[in-house]
Amino acid sequence: MLNLVLFGPPGAGKGTQSQNLIDKYGLIHLSTGDILRGEISQGTALGLEAKKLMDDGKLVPDEVVIGMISNKLDANPDAKGFIFDGFPRTVAQAAALDTLLEEKNTAISGMIALVVDDEELEKRLLERGKTSGRPDDANPEIIRKRINEYNNKTTPVAEFYKDQNKFTSINGIGSIDGIFSSLSAVVEGY
Ligand code: B4P
C-alpha cells in the first residue's frame, strides 16, 4: 500500500497537489479540512463545534479529527492507499495514525513537505479568500494565527517522521506542474 502524508503550512499547496496525486496513483484522499467543512455545511454538532475554532484560525481537538480519520479508514477496506492532507497536524495525531495503520497491517510510506515562505502563503490565502467563501481565508490576522498554530503545534510532526527516516521536503514555490514533477519523483522512490 502507498500511504502518503502531504505536509506544509496553510496555503502551501497540499489540497492542490493532492488532486494531482489522486489522478496519477488512484489513492483515496483524506483531507481533514474538507471533512470538517462537510460537517459544517451539514450543520452537524461536530461541525458547529469545529466552525468556531476554524473561523478563529485554531486547531480542532485531536480526538475529533482522529475519530474522523479512523472512520474513513474503516470505510475504505479495499483502498490501494491514502493521501493524508492536513493530517496529522500534531504529534498526538501522528502517533494515533501509526497505531490505526498498524492495526490494518500497513504503515506510512513517507511524508513530503512543501516549503513555502510566510509572505507567499499570506498572498495565496488572501487571493483564495476572494472567491472561496472560507472565513479563515478572509483576513490577514486570522491567516497569521493559522501560520502561528502551524509553527507551534504542527512543525514538530516533521521531527516525528524524520526520526523514522520517512521525511522529504521539496520547494513549494513555482508552477503547479513543476512542483508535481518533484513530488512524483519522491513518490516513485517509495
Ligand atoms: P485545511 O483545509 O487543511 O486548509 P489549508 O491549510 O489552508 O490547506 P489547503 O490544502 O486548503 O490549501 P492549499 O495549500 O492547497 O485546514 C483548515 C482548518 O481546518 C485548519 O486551520 C484547522 O482549523 C482545521 N483542521 C484541518 N485539519 C485539522 C487537523 N488535522 N487537526 C486539527 N484541526 C484541523 O492551497 C492554498 C491556495 O494556494 C489555493 O488557492 C491554491 O490555488 C494556491 N496554490 C497552490 N499551489 C500554488 C502554487 N504552486 N503557486 C501559486 N498558488 C498556489
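Analyst: Helices (H or I, at least four residues) and strands (E, at least two) are DSSP runs, numbered from the N terminus. The protein has 8 helices and 5 strands. The model is a predicted one: local features need pLDDT of at least 70, side-chain atom pairs count only at pLDDT 80 or more, and totals for chains, interfaces and linings use all residues. Residues are numbered from 1 along each chain as its sequence is written.

An unreviewed UniProt entry lists a "binding site" with twelve positions written out, among them Thr32, Val60, Gly86 and Arg146. UniProt positions follow the numbering used here, feature names are shortened, and annotations may be inferred rather than shown by experiment. The listed residues span 115 residues of sequence and are also spread in space, up to 24.3 Å between C-alpha atoms.

Val60 sits in the loop between helix 3 (45–55) and helix 4 (62–75). A residue is buried if 20 or more other C-beta atoms lie within 10 Å of its own, exposed if 12 or fewer, and partly exposed in between, with C-beta atoms placed from the backbone. Val60 counts as buried because it has 20 C-beta neighbours inside 10 Å. Two residues are in contact if their C-beta atoms, placed from the backbone, lie within 7 Å. Beyond neighbours within four places in sequence, Val60 contacts Leu36, Ala50, Leu53, Met54 and Val65.

Gly86 belongs to the loop between strand 3 (81–85) and helix 5 (91–103). Gly86 is buried, since 22 other C-beta atoms lie within 10 Å. Apart from neighbours within four places in sequence, Gly86 is in contact with Lys14, Ser31, Thr32 and Gly33.
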